Amino acid sequence: MFLELDGHGPHYAQLARALKSAVLDGRLTTGARLPPTRELAHELELSRTTVLAAYEQLRAEGFIEGHTGSGSYVAALQTQPPLLSAQPMIDMPSRYAQRARLTRTPGIATKHRGLRYELQYGHSQINPALNGIWGRELARAAMYTPPQIADVQGLPALRKQICDYLACRRGVRISPEQILVVAGTQQAVTLTARVLLDEGDAVVLEEPHYFSMHQALVAHGSRICAVRTDRDGLICAELPQVSPHLVCVTPSHQFPTGAVLSLPRRLKLLRYAEKHQCWILEDDYDGEFRYDAHPLAALRSLDQGDRVIYVGTFSKVLFGTLRLAYMALPVALVEDFFNAKYLSDIASPGIEQAALAHFMEDGGFERHLRLARKELQVRREALIEGLHQYAGERVEIVGSPAGMHVVVWLRGYDHSRAEALIELARERGLGLYSMTPHYLNPPARPGLLLGYCGLSVTALREAMQLFGQCLDDMDAERA
Ligand SMILES: Cc1ncc(COP(=O)(O)O)c(C=O)c1O
């Protein structure tokens, strides 16, 4: 098969893109068998690990099915993506469109459909009563919200609530004039790119990192500089000597490893930003959910140079479909971000903002948070107990007691065996997800990212028992 690698980024990502293009332009059709990894590695003069990682990424994105032992096949794409429609694609796409095509994916989070135990990261509904409460808030807000488009920076009532919440929960003191309400963290990232970055400007991302943030920055034309993380978060000593324009971090709960950025490193990072005159984007996606102590103060709370752009989201604490998040902006950036928001979508929806402002003012949000935190903690404990009981020494659990997911590294596994384990679990009704797609360069050993939001305590225990059985069977097969 003729595959041309484009020379950008790690080899496995280049290969995944080349194969994706082959699927999308019809050279590889539904059901077609992909070449065995060893054969393709030989043909392209790549290592087999590289080919395995590319196949794993395509599998996570839903492009292929099957596993290494029995072959990988092009999947029947559930929804006809635009690229496969009868309309030919425009032949002179913008540079942005071309880059976006290359990063495009039907979702790293593509679910294995119909599984009994789904450990996919990304569920955000923990409190079933919330739907009813939210419905009432929306109905109420619809009665009194003026029909005109809301303020570009967000409803004043909501911005005030956000400021109170940030001061009380995240240690951030900021004026409502510095708050911008946006359509999710994702819009915060695209606005940041528009305001701060020209094509080719360097951006530091943690390795590993949040996939969608990486995609948005690559599509914008940013030059990504991946800096490794360890158990204390971003390794600041490895920040580039040549000044980047922006450093993106998840200091309260590194995504996905779960590390907390240590205080010395927080201070180092702030000094680095001062020295290099660059900006920091703090993605505080689930900082509310800590189970060992009080929530950690945000990096922004230590920022005396006003260089941190803080982003908080309601996607995790309420639900993802709300598409509401907020930015706490440095004074120097306020006007440019307001302009960019206006040019992007004028303003966020008024009724949802009014409902949320009332929900926060009324104390409902705090009640929901308390309940959700308690419930998540119990689920986390059930998952970890299950891992200890059924997987034992065969996995290493990492990360801090926070958030909605746990990362485990598989001991004695290589990537191809890990892939076989994921496939075996899937056949038995258990959805496991690899860590590899969250890396630019595949990690030395394979790991799993286990989301525990979507399953009850009982289901989590059963899921871990099943996981243990899969590990047993993998061991038996090897013996
Ligand atoms: C690291 C990280 N940041 C942010 C988000 C939330 O993104 P959004 O606010 O666009 O829903 C997520 C959700 O999965 C995430 O994992």
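Biologist: How far is an oxygen atom of the ligand from an N or O atom in the side chain of Tyr121?
Modeller: Bear in mind that this is a predicted model, where local features need pLDDT of at least 70, side-chain atom pairs count only at pLDDT 80 or more, and totals for chains, interfaces and linings use all residues. Residues are numbered from 1 along each chain as its sequence is written, and side-chain values use heavy atoms, with hydrogens and water left out. A polar contact here is a pair of N or O atoms within 3.5 Å. For the ligand oxygen and the Tyr121 side chain, the distance is 2.8 Å.

Biologist: Which helix gives the largest share of the shell around the ligand?
Modeller: The residues around the ligand (a heavy atom within 4 Å) include Gly184, Thr185 and Gln186. Helices are DSSP runs of H or I, at least four residues, numbered from the N terminus. With three residues, the largest share comes from helix H7 (residues 184-196).

Biologist: Is Ile346 buried, partly exposed or exposed?
Modeller: Ile346 sits in the loop between helix H10 (334-345) and helix H11 (350-361). Buried means under 20% relative accessible area and exposed over 50%, with partly exposed in between (1.4 Å probe, protein chains only). Because its relative accessibility is 32%, Ile346 counts as partly exposed.

Key
Polar contact = N/O pair within 3.5 Å; in protein donor to acceptor, adjacent residues only side chain to side chain. Helix = DSSP H or I, 4+ residues; strand = E, 2+ residues; numbered from the N terminus.
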